[in-house]
Amino acid sequence: MRYSEMLIPTLRQEPADAQVVSHKLMVRAGYIRKVAAGIYNYLPLGWRVLRKVEQIVREEMNRAGAQELLMPAVQPAELWTESGRWQQYGAELLRLKDRKGGDFCIGPTHEEVVTALVRDEVKSYRQVPLSLYQIQTKFRDEIRPRFGLMRGREFIMKDAYSFDLDEAGAQLTYDKMYAAYERIFNRCGLAFRPVEADTGAIGGNRSHEFQVLADTGEDAIVTCGGCGYAANVELAEIQASEGAPMAASGPHEKVLTPDTKTIEDVSNFLGVPPSQVIKAVLFLVDDQPVVALCRGDHDVNEVKLKRALNATDARLLEDAEVQSHLKAPAGFVGPIGLPTDTKIVADHALSGLSEMVCGANETDHHLVQVTVGKDFDAQFADLRTAQGGDACGRCGTAFESRRGIEVGHVFFLGEKYSRAMGAEVLDESGKNVPLVMGCYGIGIGRTAAAAIEQNHDDSGIKWPMPIAPFQVTLLSLGKDDALLEASQKVYEDLTAAGLEVLWDERNERPGVKFKDADLLGIPLRLTLGKRGLENGVLELKNRHDLDADALSIPLGEAVEAVTAKVQEMLGA
């Protein structure tokens, strides 16, 4: 393609509303343009990247035995009412009415639609296992859309759904999809880690996120170098072990601690480290008040609390609710002296500790010399958010902290939707049984944005070869006829050989062309100038290694040399 014939509106200045690298560079390099908050036009270069990602996804989904279909973006409320999510999903669900007053939504996901389809069309165990997928536009009305394609409201997603006769079959399908995801992100040229994760609003009981590793990632994950275990910090299993106890020095005492509502305030006022203060976090869990405890230098994790109590819902109590439920002032709640029916759950790291400080359930007062397990009873569990240095719950090796960008998510749904919506088949004995489901999503635009977060420098994007908009950019440094004729022959020869080439034949200064080439991030750059033409050579540069010396390639060997380099970078 000729550069002059493409819509590539590059910018020299960063967009004022962009916060992350991928958003800045995709706007500056002319890949996307904002239409409204969280909604973008994909310009020609951006669309080429997305189609590359889509094609890799499509090939691996087909290889895994999934069948492609297309479901409607607009979905009737009746299906969501069947699953129970019409009331549960919240404000992210964009609801609308048609001219007859019927309730609809713009689909953020398609569990209901696909379950209804299979319920109506699949009747026998002979028709399963069955996996269906689509690549389609979704809409989630994020309250604060930000970061460009990383967290938009309208986005393109691959969503797949599997249906099996029993749990054993469904687990095999899950593993097959998991393996397909590993192939997809490897083929996209990304460094990533699959991590165990919470199922969230989708539901189910087994889940993995596929995280592209990047220092700018918004997700915190931990990895174990000992056993390979990796998980989101909200779910990562920490080894249960007693803390190092301090020598007890008598019964606990109440002390005056004015205006000390935070751990930092208490720590500074009493001259003790935060690890010696018991943090009390107050939740309403399945409509029952729960006091969750951890060390002051740790954080209670809501996901782990729900799992520890086998609960379906948990939320922080408001200050007024604290007084109502616990008869204690917010900011001074502690585990000693609470109403007898109050449930107390403590993190394992508190077990065995003495000489601790906790709230006295009285304004401006705390208790000191508290011994955990002697002065109060609690259920112990893994409650805290994992961090680097914590002991892996699988093998005990210290966790390493990483940042990641979630680009894919696989869920084992079980019978959550099939039971609610009556998706059943006759088994071999003639009995109706609910199908066992899984669902599997990949953000197409998010994958492209994550690739930029992982592959960029101060000059611009550095696309992995498999998803780059073009494989080669050819720069003609001059405007005399002989140079342009030689450049055109190279361009036509490369194109005829099946290579994807963007030929920059614009009447621009060399400096402008080099800056644009670096900004666009096309993996290979071929340059032909006046001196090169006189010597019969082109210069070849790898965008991922601009500091390396350029390779000189004879004009007659350009196709062979560039093809070999492209194949090498594709891993072929």
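Where does Asp 286 lie? Here are a few notes on that and on the salt bridges.

1. A word on the model: it is predicted, so local features need pLDDT of at least 70 and side-chain atom pairs count only at pLDDT 80 or more, while totals for chains, interfaces and linings use all residues. Residues are numbered from 1 along each chain as its sequence is written, and side-chain values use heavy atoms, with hydrogens and water left out.

2. Asp 286 sits in the loop between strand S14 (278-285) and strand S15 (288-295); strands are DSSP runs of E with at least two residues, and helices are runs of H or I with at least four, numbered from the N terminus. At 33% relative accessibility, Asp 286 is partly exposed. (Buried means under 20% relative accessible area, exposed over 50%, partly exposed in between, with a 1.4 Å probe and protein chains only.)

3. There are 37 salt bridges, each a side-chain nitrogen of Lys or Arg within 4 Å of a carboxyl oxygen of Asp or Glu. In one of them, Asp 159 meets Lys 138, with the closest N and O atoms 2.9 Å apart. This pair links strand S8 (residues 154-164) to strand S7 (residues 130-139), 21 residues apart. Asp 159 is buried at 1%, and Lys 138 is buried at 0%.

4. Asp 382 and Lys 304 also form a salt bridge, at 3.0 Å between the closest N and O atoms. Asp 382 is in the loop between strand S20 (379-381) and strand S21 (399-414) and Lys 304 is in helix H8 (residues 302-308), so the pair ties together parts 78 residues apart in sequence. Both residues are buried.
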